[in-house]
Amino acid sequence: MSKSDWNSPEAVRRLAKRHAAEKRFKVIGLGAIVLSLGFLALLLVIMLKNGLGGLDWDFLSGSDSTDASAAGVWGAAKGSLLTMMVTLLLSFPMGVLAAIYLEEFAPKKKWIEWVEVSINNLAAVPSIIFGLLGLAVFINTFQMPRSSPLVGGLTLALMTMPVIVISGRNAIKAVPPSIREAAYGIGASKVQTTFHHVLPLALPGILTGTIIGMARALGETAPLLMIGMRAFVVTPPDSLTAPSSVLPMQIFLWSDEIDKAFVQNTSAAIIVLLVFLLAMNGIAIYLRNKFEVRW
């Protein structure tokens, strides 16, 4: 295109039209961000207004009670901590190993394609289905204790693992082929190349998927309802097999109480859950940034 073509009225109109479209897109994007942050700020204001007065040591160190003034959140918080620990210890290594096998070692066979399609479908299955699966397998078949963090963690691990597998495969696939070729060039084996070179570079992306999966698991109630974690538990769990509740379930139970005094407890428990979620995500983001490598 010649210089005169750039200065033609048609070229000028196209350029002006493109700039106008970019400006509209920026305004729409900024509006979407402001709207989302506005809803979040409104939620925080309402919760802080209703629940900040109930956040004291007795509430943070107590357990569930029929008396709103004596009820506390520590039993549910400890149950959530133990449940998330079981979920992470099972879903993260299994999800990462499955992603590595499917992306680096799996043969190009028909059954591998079926496995990949099944994993993608599992990531979109409603969470209550995993609750039914946990009830049928872990409680009815293996006779594991009902309402325990162990069964809750196993059930949530089944729900979280497909998300980690999918994000892990995408992160491994994003590693440049030159990294693998350089490792092969100096005599590294397939296993050495994968675990010493590819996996460290893919780890930040894998941790991003883990953050998403764990955040979803922390707020779930439907699967835990099916395995009996709606139980009224007055003492914090002292082991993985002890009866327990979790923060989302405790919030649900208190919000259903007739006594209006539980409104403050509900809002205070939501604040604790948000702090729990922010702390968990903050640690994961720190680890992701620590292991991130730019090339």
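Thr193 has its place in helix 9, which covers residues 190-218, where helices are DSSP runs of H or I with at least four residues, numbered from the N terminus. Thr193 is buried, with a relative accessible area of 1%; buried means under 20% relative accessible area, exposed over 50% and partly exposed in between, with a 1.4 Å probe and protein chains only. Not counting residues up to four places away in sequence, Thr193 touches Arg180, Ala183, Tyr184, Ala188 and Val198, a contact being heavy atoms within 4.5 Å.

The model is predicted, so that local features need pLDDT of at least 70 and side-chain atom pairs count only at pLDDT 80 or more, while totals for chains, interfaces and linings use all residues. Residues are numbered from 1 along each chain as its sequence is written, and side-chain values use heavy atoms, with hydrogens and water left out.

Ser127 is placed in helix 6, residues 127-141, and counts as buried at 13% relative accessibility. The side chains of Ser127 and Glu220 are joined by a polar contact of 3.0 Å, that is, a pair of N or O atoms within 3.5 Å of which, within protein, one must be able to donate a hydrogen and the other to accept it, with residues adjacent in sequence counting only if both atoms are side-chain atoms. Apart from neighbours within four places in sequence, Ser127 is in contact with Met159, Arg216, Glu220, Ala222 and Pro223.

A search of the whole structure finds 2 aromatic pairs, as the table shows. Rings of Phe, Tyr and Trp (its six-membered ring) pair if their centres lie within 6.5 Å, and planes under 30 degrees apart count as stacked, over 60 as edge-to-face and the rest as tilted.

| Pair | Centre to centre | Between the planes | Type |
|---|---|---|---|
| Phe59 and Trp254 | 6.0 Å | 45° | tilted |
| Trp254 and Phe262 | 6.2 Å | 35° | tilted |

Because Phe59 lies in helix 3 (residues 57-61) and Trp254 in helix 11 (residues 247-255), their pair ties together parts that are 195 residues apart in sequence. Phe59 and Trp254 are buried, Phe262 is buried as well, and ring pairs link Phe59, Trp254 and Phe262 into a cluster.

Conventions: Helix = DSSP H or I, 4+ residues; strand = E, 2+ residues; numbered from the N terminus.
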